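Hi everyone, thanks for coming. Let me put the structure up, and then we can walk through it together.

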Amino acid sequence: MANRPDPRAAMTISQLAPERALRRLELTVVRRLEGYLHGEHLGLLPGPGTELAEAREYQVGDDVRRMDWAVTARTTVPHVRDLIADRELETWALVDLSASMDFGTSQLEKRELAVAAVATVGFLTHRLGDRFGGLMLRDSALRRWPARSGRLALYGLLRALLAEQDHGEHQARSDLASALESMARTQRKRGLRVIVSDFLTPEDGEVDSRLEPSWERAMRKLTAQHQVLAVEIVDPRELELPNIGVVLIGDPETGAVRELDTRKRRVREEYAAAALAQRERTRVALRRVGAGHLVLRTDRDWVADTVRFVLAYRRVAPRLHQPPKGVAR
């Protein structure tokens, strides 16, 4: 699959009426993802189940605790037995609608891509009978959308997310760590938890990059009880600066403004290095807590990236809880 955005996926959601935007999202997800992820599938992400499925030959990366010793002894070839994912689970999505998400320089704004990410998970799980609920983090407030099953309930949640796209002035700094704490404390029924954010926090660039992010401790509480998928939303201009002269760069989370001369190669290199360090810090933290990590970019085909992630995730999921090399737990 190509990395360039698919015209069918690269929609400007804010320019469409809510119902039309949702129908287009659903068609995009169902037509392009269903063939890859449905059928004899184990859900969007493979999780523990209770019903035994067919035995198959062991592959590198499979959980050895699922070895089927009877079949292995009979065939003399190592076999594992998969588990069918539990049905009627509860899925909750925490969507970061902070000021830094009101940004986009390519096919989509980051906020629009966040809605697309929630729609992807929702459309792929509501047919299984799962209940789907949402938490919307905007400014210092955390709005809750109750978990319900069915297509109409999912449409209601997505409409609420679209309604939050008013691009108004933000009066307070959003606290992702507190939102995660609230989610872990109030949504206790086991299931899938989806965190959609750019993971840009006010302390980025102000603290030692070797320290854990402010939200890591709360994220660890979630992964101890639930299956967690973190969707990181990225725009290319957050990663590198073009050579366009002197510009004013404002931090939407803090209101701080800084003048940069992008004609200087050193300035562009320092900016790119800082952005890379922030993303690496996020990647390592999510790996450390054992969460799935899907990166979606506004300049790429988010549907194709989702497919690649899910197929790869199923191969490496048993090793997620192993810390990266050189990083202590």
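Strand 6 and strand 7 (residues 227-234) run parallel and are joined by six bridges. Strands here are DSSP E runs of at least two residues, helices are H or I runs of at least four, and both are numbered from the N terminus. Two strands count as paired if DSSP finds at least two bridges between them. Within this pair, Val194 has Leu229 of strand 7 as its bridge partner.

Before I go on: this is a predicted model, where local features need pLDDT of at least 70 and side-chain atom pairs count only at pLDDT 80 or more, while totals for chains, interfaces and linings use all residues. Residues are numbered from 1 along each chain as its sequence is written, and side-chain values use heavy atoms, with hydrogens and water left out.

Back to strand 6. Strand 3 (residues 90-96) is also parallel to strand 6, again with six bridges, and there Leu94 has Ile195 as its partner. How many residues of strand 6 (residues 191-197) are buried? Seven of the seven, so the strand is largely enclosed by the rest of the structure; buried means under 20% relative accessible area, exposed over 50%, and partly exposed in between, with a 1.4 Å probe and protein chains only.

Now zoom out. These strands belong to an open six-stranded sheet with mixed pairing, in the order 5-4-3-6-7-10. At the edges are strand 5 (141-149) and strand 10 (292-297), each pairing on one side only.

Over at strand 5, we find seven bridges to strand 4, and that pair is antiparallel. Arg131, in strand 4 (residues 131-138), stands opposite Ser149 in strand 5. I like this arginine. Its relative accessibility is 34%, so Arg131 counts as partly exposed. The Arg131 side chain makes a polar contact of 3.0 Å with the side chain of Glu90, and also reaches the backbone oxygen of Ala147 at 3.1 Å. A polar contact is a pair of N or O atoms within 3.5 Å; within protein, one must be able to donate a hydrogen and the other to accept it, and residues adjacent in sequence count only if both atoms are side-chain atoms.
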